[in-house]
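Take a walk through this fold, one contact at a time. Keep the sequence at hand as you read.

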Amino acid sequence: MKLEHILLGVLLMRPSTGYDLKRYMDARGTFLRPNTQMSQVYRCLSSMEERGWVWHTVEPRPGAQDAKTYRVTDEGITVFMDWLTAPYSPTTIYTRDPGFYGRLAFCGFLEPDQVIELLDREILARQLQIKRYRDRDRTVPEEPELPFDADLQAYVEERSHELGSQLMDQHVAWCIELREELQSRSSQRRIRAVD
């Protein structure tokens, strides 16, 4: 997930200054893209403005530097929505996958069915990974040239595999639970709309 997509999503929720965007990146955004520097935010805003995705107004601040408040253009909306609604391809590493969690971070711009479809893709991909990798042979031939404790290595690798398995199972269960909740909410909305 690119910084520009995050910034466009935040700006679509609320016009913001570069400082506001940096605060977002330090709080909620750190899970989508850690360690974003202020200079990166401003470079990205400048680049997006050159491409016609955002524009700014200047707000005078007595006794302080004037603030630029950025807003998204129609072209910027198209760029953001094209990314948000593009088919999601799960990565091999699920933990905090920015493609998945980035879309969830801005799911308010989607229809519930689109979020359910995103969850379906994620659930299927992770279930296939579990089936393929959970019980695979993980042994690796070892011929160390230095003193090497093979039992310690095997023990730690097994414990790491157990942790990874537990986390993957929790992730899949969470996705399934969220999907079921969203389906229930959608059904309730449809019932209310008919009444």
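The side chains of T69 and E59 are joined by a polar contact of 2.5 Å. This is a predicted model, so treat the distance as computed. T69 sits in strand β3, which spans residues 67–72. T69 is buried, with a relative accessible area of 6%. It counts as buried because the cut-off is under 20%.

What surrounds T69? Setting aside neighbours within four places in sequence, T69 is in contact with P15, S16, T17, W55, H56, T57 and E59. Several of these names return in the strands that pair with β3. S16 has Y70 as its bridge partner in β3. H56 also stands opposite Y70. E59, the polar partner of T69, stands opposite A67 in β3.

Now step back to the sheet. Strand β1 covers residues 16–17, and two bridges join β1 to β3. Strand β2 covers residues 54–59, and six bridges join β2 to β3. Both pairings with β3 run antiparallel. The three strands form an open sheet in the order β1-β3-β2. β1 and β2 stand at the edges, each with a single partner strand, so one side of each has no neighbour in the sheet. Strands of a sheet pair through backbone hydrogen bonds, either parallel or antiparallel.

Next comes helix α1, residues 3–13. How many of the eleven residues of α1 are buried? Nine are, so the helix is largely enclosed by the rest of the structure. The buried residues of α1 are L3, E4, H5, I6, L7, L8, G9, V10 and L11. What covers them includes the strands β1, β2 and β3. The cover also includes the helices α2 (18–26), α3 (38–50) and α4 (74–85). An α-helix has 3.6 residues a turn, so residues three or four places apart point the same way. In α1, the buried residues include L3, I6, L7 and V10.

Finally, look to the surface. L152, Y155 and V156 form a nonpolar patch there. Together these residues have about 310 Å² of accessible area. V156 lies in helix α7, residues 150–194. Is V156 buried or partly exposed? V156 is partly exposed, with a relative accessible area of 43%. T69, by contrast, is buried at 6%.

Conventions
Residues are numbered from 1 along each chain as its sequence is written. This is a predicted model: local features need pLDDT of at least 70, side-chain atom pairs count only at pLDDT 80 or more; totals for chains, interfaces and linings use all residues. Side-chain values use heavy atoms; hydrogens and water are left out. Helices (H or I, at least four residues) and strands (E, at least two) are DSSP runs, numbered from the N terminus. Buried means under 20% relative accessible area, exposed over 50%, partly exposed in between (1.4 Å probe, protein chains only). A polar contact is a pair of N or O atoms within 3.5 Å; within protein, one must be able to donate a hydrogen and the other to accept it, and residues adjacent in sequence count only if both atoms are side-chain atoms. Contact means heavy atoms within 4.5 Å. Patches are made of residues with over 30% relative accessible area and no salt bridge: like charges are joined within 9 Å, nonpolar side chains (Val, Leu, Ile, Met, Phe, Trp, Tyr) within 5 Å. Accessible areas come from the Shrake-Rupley method with a 1.4 Å probe; for residues, only the protein chains shown count as cover. A salt bridge is a side-chain nitrogen of Lys or Arg within 4 Å of a carboxyl oxygen of Asp or Glu. Two strands pair if DSSP finds at least two bridges between them.
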